[in-house]
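Good morning, and thank you for coming. Today I shall present one structure to the group.

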Amino acid sequence: MEDGGVGDGQGRLGRNRPGGSARALSEAYDTALLDLDGVVYAGGQAIPHAVEALGSARAGGMHLAYVTNNALRTPDAVAAHLTELGVPAEAGDVITSAQAVARLIADEVPPGSRVLVIGGEGLRVALRERGLEPVESADEEGLAAVVQGYGGPDLTWSRLVEASYAVARGVPWYASNTDLTIPGPRGIGPGNGAAVEVVRIATGGTVEPKVAGKPLPPMHRETVLRTGAERPLVVGDRLDTDIEGAFNGGVDSLLVLTGVTDVPQLLAAVPEHRPTYVAADLRGLLVGQPEVTEAEGGFACGGWTASVSGGALALDGEGDVLDGVRALCAAAWSDAGAGACGLDAGKVLERLGLGGRG
């Protein structure tokens, strides 16, 4: 088992089983880089056990940083919301894709440049922080860039028209992130990526924006610069942003099953989407992670053994449900299990009492 709690060394190579840690993750890592929606809160309300778990991790000395692709709100507003939920936070604890894209733009245009903003106040504040001037019209003289960030449900069609005019004229185009969807209190709605697609279509589909948010390197760079983390652990609920971002940054990750990703999706994960650790919720920060070992014909974790036989996943044993999930991950991610999880995930998950769902 990994005594230092730094995964199993598979890192950027793509892992073939979940990692183990003899120590609680909050002790093994100095900083938790936490996603917000689906991890800390959902629909504005704290996810069960999140407040207590984060409080315990903080009390034990772990630094908590909140990393979000949502560029709408300012870090001050996010920190205030977290504090209201019972998770004390300062603006400096929050890193947004607005900050990452503002740094990306500032590195590529002269100081004081005018930037057409299609988004909310979080994006404007981040641009000013980098010495750039947010503007509202594509007709501004000397326009150096156009940037899109999530503008909330009140973003008007006219704003997308302004972006299209500027991009069609050849103005450099940036996006805070390209998440197609965003969770809300009434369900899943279109995210910034959907708005980016509108501009792409309107301008002929031949131009691509430079993107800063997860899972791309500018967001990881921004996070490390602002937190000073030496042994960070990325904590998220999405494979294609949080976990892939950790993979791209060469750091370990914890997937919590409180948001977007369910167990069938986890079993089917491609190498860059495979987390180091898996937990039901943020209480996973406070404990170690069991080792997944090779067993005769398969992989064992806790009281479970998972294998691939005849191109299908099989699971035997009993015990903690998540140990069964970890063993199944190892079997599904192994060379022998390539593609097998799509055949019978429902059957093996019924064996765990999950009924084919995460």
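This is a predicted model: local features need pLDDT of at least 70, side-chain atom pairs count only at pLDDT 80 or more; totals for chains, interfaces and linings use all residues.

Let me begin with the helices. Two packed helices are described by the angle between their axes and by the distance between those axes. The pair I take up now is α4, residues 97-106, and α5, residues 121-129. The crossing of α4 and α5 is right-handed. On the α4 side, the contact is made by A98, Q99, V101, A102 and I105. On the α5 side, G122, L123, A126, L127 and E129 take part. Sorted by class, the contact of α4 with α5 has seven nonpolar residues, two polar residues and one charged residue.

I turn to the pair formed by α6, residues 157-168, and α7, residues 192-202. Their axes come within 9 Å, and the crossing angle is roughly 45°. That angle makes α6 oblique to α7. The crossing of α6 and α7 is right-handed. Helix α6 contributes W157, L160, A163, S164 and V167 to the contact, while α7 contributes A195, V198, V199 and A202. What classes of residue make up the contact of α6 with α7? There are eight nonpolar residues and one polar residue, and no charged residue is present.

I now come to the empty spaces. Rolling a probe the size of a water molecule over the atoms shows where empty space is left.

The largest pocket has a volume of about 700 Å³. Its lining is formed by 32 residues, and those nearest the centre are Y150, G152, P153, I182 and P183. Which elements give two or more residues to this lining? They are α3 (75-85), β10 (181-184), β11 (187-190) and α7. The lining of the largest pocket divides into 16 nonpolar, 13 polar and three charged residues.

The second largest pocket holds about 330 Å³ of space. It is lined by 27 residues, of which D37, T181, I182, P183 and R238 lie nearest its centre. At least two lining residues come from each of β10, β11 and α9 (239-249). Strand β10 provides the largest share, with four residues. In this lining, seven residues are nonpolar, 13 are polar and seven are charged.

How many cavities of 30 Å³ or more are counted? The count comes to one. The largest cavity has a volume of about 150 Å³. Sixteen residues, written as 16 on the slide, line the cavity, and V67, K214, H220, T223 and V234 are nearest its centre. The elements β1 (31-34), α8 (217-227), β13 (232-236) and α9 each supply at least two residues of the lining. Helix α8 gives the most, with four residues. By class, the lining of the largest cavity has 10 nonpolar, three polar and three charged residues.

Thank you for your attention.

Key. Residues are numbered from 1 along each chain as its sequence is written. Side-chain values use heavy atoms; hydrogens and water are left out. Axes are lines fitted to C-alpha atoms, for helices over the stretch in contact, and angles run from 0 to 180 degrees between N-to-C directions. Angles under 35 degrees count as roughly parallel, over 145 as roughly antiparallel, 65 to 115 as roughly perpendicular and the rest as oblique. A crossing is left-handed if the near helix is turned anticlockwise from the far one by less than a right angle, and right-handed if clockwise. Contact means heavy atoms within 4.5 Å. Ala, Val, Leu, Ile, Met, Phe, Trp, Tyr, Cys and Pro count as nonpolar, Asp, Glu, Lys and Arg as charged, and the others, Gly among them, as polar. On a 1 Å grid over the protein atoms alone, a cavity is a set of points where a 1.4 Å probe fits but cannot get out, and a pocket is an open set with protein on both sides within 12 Å along at least five of seven lines; lining residues have an atom within 4 Å of a point. Grid points are joined across faces, edges and corners, and a volume is the space filled by probe spheres set on the points.
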